[in-house]
Structure formats: structure tokens, C-alpha cells
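I opened the model and kept notes as I went. Surface came first, then fold, then contacts.

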Amino acid sequence: MIHAGGQRRFRRVYLLLALLVVLVDQFSKAWVRDQLLPGVATPLIPGLLQLRWVRNSGAAFSLLTDATVLLGLLSLVVAIVLLIWIWKAPRLGAWQGLALA
């Protein structure tokens, strides 16, 4: 059984993991903007894997197409709810914490 101090440590790990994911996401987007041309395939592993910069103006299955602000606000609300859940949950299993992060 994990005591309260251990739970706080795990919460910090989950929150740091979530922050790391956001930072890697933003870094990769900045790298794409700097290194790739829109719509042009760039070989990463010739004959096997290529990168192509495309823009997605909506969510899966064309939901909220051209509603970028609304989609951004919705994403922000979900992220805040998840952060509150991680912070206030009395006890999180390791897999549940990782999934939320």
C-alpha cells in the first residue's frame, strides 16, 4: 500500500510526464515548420518512410472542421479536467496514471 507521500510523488511523475509529452509535441511541430515544406514528401528512410507536412483543420472524421478555436478550447477544458483528476484522485493505479498523463 502506498502512503500519502508516495501518492504525491506519483502524481508529480504523472504531471511531469504529461508536461514532457506536451513539450515533445510542440518541439516536433516547430521542427516540422522549420524543416519541411507543406505537402512535399521528404524521405526519412528512403524507400520505406517519408514525412509530409499536412494541416488538419479539425478532429477525427472531419469533426469540427474549420472550428480551430472551438477545438482548442475543448482540448483545454479536457486537459484541465484531467489535471484536476490526477491531482485530486485519492489513489491512481500505475496504468491509470500513465493513461491520464
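Accessible areas here come from the Shrake-Rupley method with a 1.4 Å probe, and for residues only the protein chains shown count as cover. I looked up the total: the protein chain exposes about 8,200 Å². Carbon and sulfur atoms hold 70% of that area.

I noted the ground rules. This is a predicted model, where local features need pLDDT of at least 70, side-chain atom pairs count only at pLDDT 80 or more, and totals for chains, interfaces and linings use all residues. Residues are numbered from 1 along each chain as its sequence is written, and side-chain values use heavy atoms, with hydrogens and water left out.

**Fold.** I counted three helices and two strands in the protein chain. Helices (H or I, at least four residues) and strands (E, at least two) are DSSP runs, numbered from the N terminus. The order from the N terminus is α-β-β-α-α.

**Dimensions.** I checked the radius of gyration, taken over C-alpha atoms: the protein chain has 18 Å. A compact globule of 101 residues would come near 13 Å, by the rule of 2.2 Å times the number of residues to the power 0.38. The C-alpha trace spans about 55 × 35 × 20 Å along its principal axes. Of the 101 residues, 13% count as buried (under 20% relative accessible area; exposed is over 50%, partly exposed in between; 1.4 Å probe, protein chains only).

I went to strands β1 (residues 41–45) and β2 (residues 49–52). They run antiparallel, joined by four bridges; pairing requires at least two DSSP bridges. A41 has R52 in β2 as its bridge partner. Three residues lie between the strands, and G47 takes a positive phi near 80°.

**Salt bridge.** How many salt bridges does a search of the whole structure find? It finds one. The criterion is a side-chain nitrogen of Lys or Arg within 4 Å of a carboxyl oxygen of Asp or Glu. D25 pairs with K29, their closest N and O atoms 3.1 Å apart. Both sit in helix α1 (residues 4–35), and because they are four residues apart, about one helical turn separates them. D25 is partly exposed at 31% relative accessibility; K29 is partly exposed at 40%.

**Nonpolar patch.** I found F61, L63, L64, L70, L74 and V78 making a nonpolar surface patch of about 620 Å². Patches take residues with over 30% relative accessible area and no salt bridge, joining like charges within 9 Å and nonpolar side chains (Val, Leu, Ile, Met, Phe, Trp, Tyr) within 5 Å. L74 lies in helix α2 (residues 68–88). L74 is partly exposed, at 45% relative accessible area.
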